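I wrote each entry as I went along, and I put the cut-offs beside each term where I used it.

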Amino acid sequence: MYKIIKLQNNNDLNNFYLDITKMKDVRIRVGILTSYYKYKHTNLKNKNHAVFKTIEQNDFSFSVIYRSSTDTYEEILKVKKELEQFYSEKYKDQKPKITQNVLSFS
């Protein structure tokens with residue numbers, strides 16, 4: 001069963017990444033992506049992977065946006081591209097939120 005996970009920056013809706021997985025528990029996949037991001041600071045050559053833009057702000061959420069048990073990998077890639085286009089269009093006019101610390105000890 002394929003699943004498409006959407007990781008999205010909570011402050012910038014245009015900053016999202018779609019990932020395809022077959023894992024039963026998507027939290028494990030997100031943990032792997034986060035660990036991969038942390039590892040990249042020391043060892044990795046490809047430091048510009050799209051998922052890193054979403055994870056680096058450390059304020060992101062994730063959810064399963066598509067599930068299918070019959071699709072081949074080629075079909076799921078096609079669905080992923082359609083979803084990327086959909087979300088890009090949906091969020092194209094969104095401006096990033098500027099967040100401030102709510103709690104200050106100064």
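Entry on Thr 34. I looked up what Thr 34 touches, and, leaving aside its neighbours within four places in sequence, I found it in contact with Ile 55 and Phe 60, where contact means heavy atoms within 4.5 Å. Thr 34 has its place in helix 1, residues 26-40, and I note that helices (H or I, at least four residues) and strands (E, at least two) are DSSP runs, numbered from the N terminus. I also found that a polar atom of the Thr 34 side chain lies 2.9 Å from the backbone oxygen of Val 30. For a polar contact the rule is a pair of N or O atoms within 3.5 Å; within protein, one must be able to donate a hydrogen and the other to accept it, and residues adjacent in sequence count only if both atoms are side-chain atoms.

Entry on the source. The model is predicted, so that local features need pLDDT of at least 70 and side-chain atom pairs count only at pLDDT 80 or more, while totals for chains, interfaces and linings use all residues. Residues are numbered from 1 along each chain as its sequence is written, and side-chain values use heavy atoms, with hydrogens and water left out.

Entry on the whole chain. I listed three helices and three strands, and from the N terminus on they run β-β-α-α-β-α. Of the 106 residues, 34% are buried, which here means under 20% relative accessible area, with exposed over 50% and partly exposed in between (1.4 Å probe, protein chains only).

Entry on strands 1 and 2. Strand 1, residues 2-9, pairs with strand 2 in the antiparallel sense over six bridges, and two strands pair if DSSP finds at least two bridges between them. A hairpin of six residues joins the two strands, and I noted that Ile 5 has Asp 19 in strand 2 as its bridge partner. Which way do the side chains of strand 2 point? Phe 16, Leu 18 and Ile 20 point one way, Tyr 17, Asp 19 and Thr 21 point the other way, and all are buried. In a regular strand the side chains alternate between the two faces of the sheet.

Entry on Asn 9. Asn 9 lies in strand 1 and counts as buried because its relative accessibility is 3%. Its side chain reaches the backbone nitrogen of Asn 11 at 2.7 Å. The C-alpha atoms of Asn 9 and Ile 55 are separated by 7.5 Å, although these residues are 46 apart along the chain.

Entry on the rings. How many aromatic pairs does a search of the whole structure find? It finds four, where rings of Phe, Tyr and Trp (its six-membered ring) pair if their centres lie within 6.5 Å, and planes under 30 degrees apart count as stacked, over 60 as edge-to-face and the rest as tilted. One of them is the edge-to-face pair of Phe 86 and Tyr 87, at 5.1 Å centre to centre and 75 degrees between the planes. Another is the stacked pair of Tyr 87 and Tyr 91, at 6.0 Å and 15 degrees. Ring pairs link Phe 16, Phe 86, Tyr 87 and Tyr 91 into a cluster. Phe 86 is partly exposed because its relative accessible area is 46%, whereas Tyr 87 is buried at 11%.
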